[in-house]
Amino acid sequence: MTSTLETVQKNIASAACDAGRSSGDISLIAVSKTKPLEAIRPILDAGQRAFGENKVQEAAAKWPELRQEYDSVELHLIGPLQSNKVRQAVQLFDVIETLDRPKLARAIARICGEEGKIVTCYIQVNVGRETQKAGIDPDKLEGFVALCRDELMLPVAGLMCIPPSGGNPEPYFLMLKEMAARHGFKKLSMGMSGDYQTAIACGATSVRVGTALFGAREDRY
Ligand SMILES: *Cc1c(COP(=O)(O)O)cnc(C)c1O
């Protein structure tokens, strides 16, 4: 029987091929939020190492144990980060994908210095300019990049987005790609279970896939 991981890996490879890209240039982030350790271990056993969680508290309850069992885990924070949880986030995560405001950038820079830890960051852009959504406004991106990269010298690898739900995500993916190119960023974290092939066609270098790997979640995020 083909596992969900194999299916997603195959889909990534064929989307890359269709786009004339190498599948090695696209990483899969397995989004394990809400899923218990028993559900995560088989994916780790199959060799997957990059995972995404969107709550600091939940990651703290799950990943120290899994990191003891498995080497080379790379954990990505993909949910909103409150300033008072930055220290814990810096200790737990290898990558923070939701850098989206000056106060947070300053806190991450300060605490990474104190902890002596380098955490790769992605700037989250609110591509749909949705009031309820996290992410920096596209109009403020330029100044924010200057702050994060040039002033605070955070290791910003690229941009991340979650397009408005329901519509065609493609214009938003292309918009993120254009903004990344303009600022010299090579990495684009975009695409989820419903649209990762489209995201790959638009240049995604990592896709964040939960439901297609682990099945539906009970809670609403
Ligand atoms: C939950 C989540 C995902 C994964 O969503 P699926 O549709 O289950 O693949 C990806 N990115 C972010 C930021 C998420 O919160």
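I looked up Gly47 and found it in the loop between helix H2 (37–45) and strand S2 (50–53). Helices here are DSSP runs of H or I with at least four residues, strands are E runs of at least two, and both are numbered from the N terminus. I note that this is a predicted model, where local features need pLDDT of at least 70, side-chain atom pairs count only at pLDDT 80 or more, and totals for chains, interfaces and linings use all residues. Residues are numbered from 1 along each chain as its sequence is written, and side-chain values use heavy atoms, without hydrogens and water.

The cut-offs are under 20% for buried, over 50% for exposed and partly exposed in between, with a 1.4 Å probe and protein chains only.

I then checked Tyr70. It sits 23 residues from Gly47 in sequence, and the C-alpha to C-alpha distance is 9.8 Å.

Next, the whole chain. I list nine helices and eight strands. The C-alpha trace spans about 50 × 40 × 30 Å along its principal axes. Buried residues are 48% of the 221.

I looked at contacts (heavy atoms within 4.5 Å). Of those between residues at least 6 apart in sequence, 59% join residues at least 24 apart.

Last, charges. I find 27 positive and 27 negative side chains, with the centres of the two sets 3 Å apart. Lys and Arg count as positive, Asp and Glu as negative; His and the chain ends are not counted. Each charge is placed at NZ of Lys, CZ of Arg, CG of Asp or CD of Glu.
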